[in-house]
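Subject: Structure handover and what was found in it

Dear colleague,

Here is the structure that I promised to pass on to you. Please open it beside this message, and then read the notes that follow.

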Amino acid sequence: MVLVLVGVSVVVGFILAYVNHITEGPIAEKAKATLAQGIKDVMKVDGLQVTADDTVKTEVDGKQLAYVVHKTADKSGKPLGAAVESTTTGFGGDLKVLVGFDNDGKILGYTILETSETPGLGAKADKWFQDAKDGGKGGKSCVIGLSPKDGELKVSKDGGQVDAITASTITSRAFLKAINQAYAAYSKQNVDGASGASKQENKKG
């Protein structure tokens, strides 16, 4: 009986390992394609090129975080700004946002790459903060066109300029924190070690 159980476990383990091996490549390719499309979406330009992928590491609230800054340019090579991957902790877990900034630091667009927020509440972040013409709430809820350069983005309940998702203030705060940190990584990729120890790793693409 023991030998049978051991044999079954070995076979099942082999099958799972094989399935993981053959699906690993397609999953990675799909993630790469999703990111490429996401960069185009948040930068609002189809004919763009990614000129560099810079990984910026910094310490926030005692935790080491990494941001990926995808620098972009148009077909002629003129810089357009950058799309930045930023992760914070929301109500249900990690909230990963890809946000596009122009050369002046204004928000061009954003998309949610990963979320564990409550369906129907916090999960509304994918649309809530968009422009009304793009299916968003619009008005004071819209972050498109705003710039953290002019001051940290906060929900109106905290004295800020952005209306939070109804019944999801925690998620809204996490979302805006992700954008603020994304801008910090974009605009200050080299920070004095005494004030945050940001380190940059350039990966030319």
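A search of the whole structure finds 5 aromatic pairs, where rings of Phe, Tyr and Trp (its six-membered ring) pair if their centres lie within 6.5 Å, and planes under 30 degrees apart count as stacked, over 60 as edge-to-face and the rest as tilted. One of them joins tyrosine 110 and phenylalanine 175 edge-to-face, at 4.8 Å centre to centre and with 65° between the planes. Tyrosine 110 belongs to strand β5 (residues 107-114) and phenylalanine 175 to helix α3 (residues 169-187), so this pair ties together parts that are 65 residues apart in sequence. Helices (H or I, at least four residues) and strands (E, at least two) are DSSP runs, numbered from the N terminus.

Phenylalanine 175 is buried, with a relative accessible area of 0%, and tyrosine 110, at 4%, also counts as buried; here buried means under 20% relative accessible area, exposed over 50%, and partly exposed in between (1.4 Å probe, protein chains only). Phenylalanine 129 and phenylalanine 175 form an aromatic pair as well, this one stacked, with 4.3 Å centre to centre and 5° between the planes. Phenylalanine 129 sits in the loop between α2 (125-128) and α3, so its pair with phenylalanine 175 in helix α3 ties together parts that are 46 residues apart in sequence. Elsewhere, Phe101, Tyr183 and Tyr186 form one aromatic cluster.

Before going on, please note that this is a predicted model, in which local features need pLDDT of at least 70 and side-chain atom pairs count only at pLDDT 80 or more, while totals for chains, interfaces and linings use all residues. Residues are numbered from 1 along each chain as its sequence is written, and side-chain values use heavy atoms, with hydrogens and water left out.

Now to the strands. Strand β4 (residues 94-101) is mostly covered, as 6 of its 8 residues are buried. Strand β3 (residues 79-89) runs antiparallel to β4 and is joined to it by 8 bridges, while 6 bridges join β4 to β5, which also run antiparallel; two strands pair if DSSP finds at least two bridges between them. Valine 84 stands opposite valine 99 in β4, and valine 97 has isoleucine 112 in β5 as its bridge partner. The hairpin of β4 and β5 has 5 residues between the strands, and in it glycine 105 takes a positive phi near 90°.

Which charged side chains meet? The search finds 5 salt bridges in the whole structure, each being a side-chain nitrogen of Lys or Arg within 4 Å of a carboxyl oxygen of Asp or Glu. In one of them, aspartate 134 meets lysine 44 (3.9 Å, N to O). Aspartate 134 lies in the loop between α2 and α3 and lysine 44 in the loop between α1 and β1 (48-60), so the pair ties together parts that are 90 residues apart in sequence. Aspartate 134 also meets lysine 133 in a salt bridge (3.5 Å, N to O), and Lys44, Lys133 and Asp134 are linked in a network of salt bridges. Lysine 133 counts as exposed, at 68% relative accessibility, whereas aspartate 134 is partly exposed, at 30%.

Another salt bridge joins the side chains of aspartate 54 and lysine 71 (3.2 Å, N to O). Aspartate 54 is buried, with a relative accessible area of 1%, whereas lysine 71 is partly exposed, at 33%.

With best wishes
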